[in-house]
Amino acid sequence: MTISLGIATVLGGFLFPFAVRMIWGKMVDQWGAIGGWMAAAFVVGTVWCINHGISTPMITQSGTAWVDMGLAAGVGVWVASALTGGNVKKSYRNVLAAVSGGILGGFLLSLFL
Amino acid sequence: MKFIRGLIGYTIAGMIVMAVWGQLGAFGIFGGYLAAFIIIGPMWFMNHFVNLVGNEDDAAFVDMGLAIGVCGIMRDTFMNGTESLVSSLPTIGLVIIGAVIGGIVAAAIEKSMAKETEHEATAPEPGMTEKELDRLAETE
């Protein structure tokens with residue numbers, strides 16, 4: 001991975017949690033649950049295009065294990081939430097559940113894919 | 001019980017994204033939009049709107065994206081071995097660095113936005129500019 005691609009990868013990781021924090025909550029406030037569906041399509045869909053979808057994507061995959069921009073959302077949204085007053089200790093149970101869920105899901109997928 | 005709830009919700013989200021998205025995304029940009037709409041939409045609704053995963057209101061928010069990211073990495077690690085995980089470590093590190101910066105910047109901007117709305121709430125008339133407000137404060 002070259003320096004240029006590395007910088008682009010960092011910025012790709014920046015872009016997704018930033019867009020989620022700026023848009024998602026406000027859309028849900030404005031439109032209720034439908035706002036969440038709109039955000040799913042137009043935040044995740046649109047950012048996916050630049051981070052993964054185009055032929056030379058912003059997040060360069062250095063290896064063979066797929067690094068999804070979802071990882072950036074999980075980390076970045078958690079950091080932003082902690083900095084705006086979210087209790088870090090109370091979130092440990094969910095962090096553990098999410099990481100175990102990811103590992104369990106990966107194992108279950110390896111059974112049939 | 002809440003851990004089990006979270007485990008189930010996060011596992012389902014990770015599995016569906018990591019199994020289905022790749023094949024829909026193969027149809028190009030619009031496959032990606034379709035995947036975002038039909039997968040992230042209902043998974044967000046189940047996990048975060050219904051709150052199956054049980055995020056507390058006052059706790060730092062754990063998005064299902066974390067589970068999705070880990071699921072993608074672990075899927076290929078289970079299928080191709082640990083050398084697959086090692087080869088992807090540079091990308092994992094860079095993406096996490098970017099995500100932390102993104103979170104810090106977003107939090108700073110949100111705080112600045114919250115200050116603006118506070119300022120507006122105390123303004124005598126809605127839509128009054130801060131300049132006018134400062135001038136008013138000077139004359140008082």
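Colleague: How many helices and strands are there in chain B?

Modeller: This is a predicted model, so read everything here as computed. Chain B has six helices and zero strands. Read from the N terminus, its elements run α-α-α-α-α-α.

Colleague: And chain A: how many helices and strands?

Modeller: Four helices and zero strands. The order from the N terminus is α-α-α-α. Its C-alpha atoms fill a box of roughly 40 × 30 × 30 Å along the principal axes.

Colleague: What share of each chain counts as buried?

Modeller: Burial is a neighbour count: a residue is buried if 20 or more other C-beta atoms lie within 10 Å of its own. In chain A, 51% of the 113 residues are buried. In chain B, 40% of the 140 residues are.

Colleague: How do I read contacts by sequence separation? What share comes from residues 24 or more positions apart?

Modeller: Take the contacts with a separation of 6 or more. In chain A, residues 24 or more positions apart account for 55% of them. In chain B the figure is 51%.

Colleague: Now one helix. Where does H2 of chain A bend?

Modeller: A bend is an angle between axes fitted to the seven residues ending at a position and the seven starting there. H2(A) spans residues 33-53 and bends by about 25 degrees at Ala39(A). Ala39(A) is also among the buried residues of this helix.

Colleague: Which other residues of H2(A) are buried?

Modeller: Among them are Gly36(A), Trp37(A), Ala40(A), Val43(A) and Val44(A). Further along the list come Gly45(A), Val47(A), Trp48(A), Asn51(A), His52(A) and Gly53(A).

Colleague: What covers the buried residues of H2(A)?

Modeller: Both chains take part. The cover includes H1 (3-31) of chain A, together with H1 (2-25) and H2 (29-49) of chain B.

Colleague: That leads to the interface. How many residues of each chain are in contact?

Modeller: The general idea is simple: the size of an interface is often given as the accessible area lost when the parts come together. Here we count residues instead. 71 residues of chain B are in contact with 71 residues of chain A. On the chain B side, H1, H2, H3 (64-80), H4 (82-87) and H5 (89-122) each supply at least two residues. H5(B) gives the most, with 19 residues. By class, this side has 43 nonpolar, 20 polar and eight charged residues.

Colleague: Take a single residue. Is Gly65(B) buried or exposed?

Modeller: Gly65(B) is buried, because 31 other C-beta atoms lie within 10 Å. The residue is found in helix H3 of chain B. Within chain B, Gly65(B) and Ile40(B) are 25 residues apart in sequence and 9.6 Å apart in space, C-alpha to C-alpha.

Colleague: Which residues of chain A does UniProt annotate as "transmembrane region"?

Modeller: The unreviewed entry gives residues 6-24, 31-54, 66-83 and 95-112 of chain A. Residues 6-24 of chain A are 100% helix, with end C-alpha atoms 27 Å apart. Residues 31-54 of chain A are 92% helix, with ends 30 Å apart.

Colleague: Where does UniProt place the feature in chain B?

Modeller: At residues 12-45 and 89-109, again from an unreviewed entry. Residues 89-109 of chain B are 100% helix, and their end C-alpha atoms lie 30 Å apart. Residues 12-45 of chain B are 91% helix, and their end C-alpha atoms are 13 Å apart. Both spans have 0% strand.

Notes:
Residues numbered from 1 in each chain as written. Chains lettered and ligands numbered in written order. Predicted model: local features only at pLDDT ≥ 70, side-chain atom pairs only at ≥ 80, totals over all residues. Buried ≥ 20, exposed ≤ 12 C-beta atoms within 10 Å, placed from the backbone. Contact = placed C-beta atoms within 7 Å. UniProt positions renumbered as here; feature names shortened; annotations may be inferred. Nonpolar A, V, L, I, M, F, W, Y, C, P; charged D, E, K, R; others polar.
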